[in-house]
Amino acid sequence: MNTFAIDTPISPSNGMGSIYTNGCTTFRVWAPNATQICVIGEFNNWQNNELSLTPEENGYWVGTTDKAKEGQQYKYVITNEAQNFCKNDPYAFEVTNSDGNSVIRTLDFDWEGDDFKIADWNKLVIYELHVGTFNRKNSNEVSTFNDVVEKLDYLKSLGINAIELMPVTEFAGGISWGYNPAHPFAIEQNYGGPDGLFKLVKTAHQKGIAIIMDVVYNHLGPSDVDLWQFDGWQENNKGGIYFYNDHRSETPWGSTRPDYGRPEVRQYFRDNALMWIEKYHCDGLRMDATSYIRYEGGGLGYDTELIEGIIMMRDINREIQQKYPHIITIAEDLKGADIVTKKIKDGGIGYSTQWDMKFVHPVREVLTTVNDENRDVQKIVDALTFKYNLDVFNRVIYTESHDEVANGKARVPEEIRPGDAENMFAKKRAVLGLVLVMTTPGIPMIFQGQEFLEDGYFKDNEQLHWDKLNHLSGILQLSKDLIALRNGSVENALGLTSQQIEIVHFNQENKIVAYKRTLRSEPAHPVLIILNFCNKDYEHYGIGISEEANYKLIFNSSWKGYDKDFSDVEVNSPEKAAQETDEKPFTGFMNIPAYAALIYTL
């Protein structure tokens, strides 16, 4: 048996997994209950006992060889007393497939001086995207990172400056949402593997688009998870060293909740978070279902906190903020809790922002309510004005996401008119939702295809209906116009990037809501938004304005140029009269078409 496959011992490299440098490869793995570990692979003809690792402190094992080279496949043979286990490397940057072999990779990509920085968070417009379906061309093949690259110019023309990728780590099979990670450090081969992701990020940066990576730390698998009983130890027939081995292991997705109480497990996910930033130049992380990291039952009803899970998230956020302050971290917590985005120094977990249940659920309810008389626009006012920790950018606001358009739910126009999503009412009210997303204080996000009113519900085995652009090109232009107002491209509309909002008019009977957005540094350029949530045209409708306000119309969602089914009602700039309305000395009179959104600036 040879401990090292070279005549002169070489000092092991730092780090975990396979570390290839200066012609040699160091293998380091955590397996505290192992009695022996060998590495088998293409470099030694898969022969056991030719390269055995030496134990270090705290259950780590290490060995170095000059025979193993980049690109070669390998596995660990872990012995626990009389038991032998053939396992993939928990830190493998690449695997041949979810049930295959680990591959030695350095991830030393040629970034050509990439120094891209994500847009200011108050100007972000996020596009959530599923790689496998976004630009799928054949019904029997998933789309790839290269297919997404082909659509980057489209996304840039739409005004998108950040893409949020649903998880792309290696998962069981070839078709999935991605929330069943089998190998958290490896990139899904069916999407194009590490090289494909590198190309996507690099090209996106060259076009001014940030990449936010969706990561899953609340559970693993449950299929094809080599971390399960990794070194042979377990209790209660549970998952062993990487997982809780009691009732805390239970999640809605299987008994695979990681044991955040172990420092080595917390380190594992910390290392994973930094990999996306340091190796792949990602500009942000969106962490899935964080409530299941901080609560045993996800925070539903009376629940028990997982203090160690909170510590892990806090520590990851603290390190990212210290090393990479421009990186955005997003929590999908959906409990409406300030602590998630509260600053660490104030006792919070320290995420930059969080998906906001206080927006998406009431807004979708109002949009999809069948009868106007039952439409409660007070819920719109509450959604407009809600904030976490007195900071509107502590929340990501949306009406569609992968969760909101599946799991028994559908796209907004589909929910409004099931089976008839291109009905006039469905289109108009879905557009009202888009306008709310782009004009409400917060960080706006849309889901792939929402810009052209994709219908049905999200399936991970069906491509987007790009052919809709043939007859809904006007809706796409509407989305472009809205996003340009929101991402800072229109100087007079910078109020939409501000912390400020003022509800200037609210009429529950007429279903009219009007609000003003003003950037403190640009008080002379407020943005006035008027929304009509009923199927009634209003002529000469009065909204309170200030004496100096001479508003000009810049957006009319009901314009027939956007869709032939939209309104013939003429909409112009308001007629101002010295008449008190809404506790303002002057009144602006304008026509407001049914289910219309009007935006004015000075």
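Residues are numbered from 1 along each chain as its sequence is written. In this predicted model, local features need pLDDT of at least 70 and side-chain atom pairs count only at pLDDT 80 or more, whereas totals for linings use all residues.

**Pocket and cavities**

On a 1 Å grid over the protein atoms alone, a cavity is a set of points where a 1.4 Å probe fits but cannot get out, and a pocket is an open set with protein on both sides within 12 Å along at least five of seven lines; lining residues have an atom within 4 Å of a point. Volumes are the space filled by probe spheres set on the points.

| Space | Volume |
|---|---|
| Largest pocket | About 500 Å³ |
| Largest cavity | About 70 Å³ |
| Second largest cavity | About 50 Å³ |

The largest pocket is lined by 25 residues, and Trp 253, Asp 288, Ala 289, Glu 332 and Asp 403 lie nearest its centre. The lining of the largest cavity includes Pro 167, Asp 214, Tyr 217 and Trp 276. For the second largest cavity, α11 (424-439) gives the most to the lining, with 3 residues.

**Glu 188**

Glu 188 is in the loop between β13 (181-187) and α4 (193-206). A polar atom of the Glu 188 side chain lies 3.1 Å from the backbone nitrogen of Phe 171.

Technical notes. Heavy atoms only, no water. Helix = DSSP H or I, 4+ residues; strand = E, 2+ residues; numbered from the N terminus. Polar contact = N/O pair within 3.5 Å; in protein donor to acceptor, adjacent residues only side chain to side chain.
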